[in-house]
Amino acid sequence: MSQVIGGMLEVGSWKLDSLRTPHAARRTRKLGFTMIELLIVISIIAILAASIIPNFIGFDAEARVAASKSNLDTLRSRVTLFRAKEGRYPTALEELVSKTYLDAGVRKPYLPKIPQELISSKQGNNSNAARRSDEPLTNDGGWVYRVDTAEVIINVNEPLDRSWGDYTGQTPSEW
């Protein structure tokens with residue numbers, strides 16, 4: 001049995017709204033995003049990325065330089081401490097790790113380990129060599145301890161390229 005109630009056609013347990021809306025408008029909308037919605041979201045993400053990414057370019061290089069300079073300062077201060085406590089300069093940087101001194105009644109090594117140099121390698125390089133100041137650098141990275149002047153330098157004697165940001169053109173061995 002069918003009857004019309006308020007513009008709706010009721011046939012048995014089926015209710016049809018055919019009297020009120022055209023056939024095309026009765027179709028249910030499929031779930032998902034339209035192309036315009038996707039383009040708007042992608043545009044917003046692109047604008048955010050374009051404004052944020054430049055802040056991080058060079059961040060890695062600057063952090064590596066800062067860490068290497070800090071480690072260089074640590075090595076130099078420990079060589080100075082060694083001189084003050086032992087009355088002589090170390091013969092090699094390994095002596096800072098192997099020799100201990102008395103600090104308020106506690107035996108401590110001058111250095112727990114040789115710190116990393118991060119200019120020549122992203123993973124770090126703690127290799128070191130004892131050389132005289134008239135011997136040339138090998139540019140292999142790591143540390144060079146000049147035994148005749150008790151100076152610690154980075155074993156990189158070439159200017160840094162443009163990937164180093166503000167440090168472009170600086171020579172690590174001169175720090």
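Leaving out neighbours within four places in sequence, Trp-175 is in contact with Val-65, Lys-69, Leu-72, Arg-76, Ile-119, Ile-154, Leu-160, Tyr-167 and Gln-170, where contact means heavy atoms within 4.5 Å. This is a predicted model, so to speak: local features need pLDDT of at least 70, side-chain atom pairs count only at pLDDT 80 or more, and totals for chains, interfaces and linings use all residues. Residues are numbered from 1 along each chain as its sequence is written, and side-chain values use heavy atoms, with hydrogens and water left out.

Trp-175 also turns up in the largest nonpolar core, which has 23 residues; together with Leu-93, Leu-96, Trp-143 and Val-152, Trp-175 touches the most other members. Such a core is a set of buried Ala, Val, Leu, Ile, Met, Phe, Trp, Tyr and Cys residues joined through side-chain atoms within 4.5 Å, buried being under 20% relative accessible area, exposed over 50% and partly exposed in between (1.4 Å probe, protein chains only). Helix H2 (59-86), strand E7 (143-146) and strand E8 (151-154) each give two or more residues to this core, and H2 gives the most, with 6. Helices (H or I, at least four residues) and strands (E, at least two) are DSSP runs, numbered from the N terminus.

Asp-103 stands opposite Val-106, and Ala-104 takes a positive phi near 55°. Pro-109, in E5 (residues 106-109), is partly exposed at 31% relative accessible area. Pro-109 sits 5.7 Å from Val-97, C-alpha to C-alpha, despite 12 residues of sequence separation.

Technical notes: Pairing = 2+ DSSP bridges.
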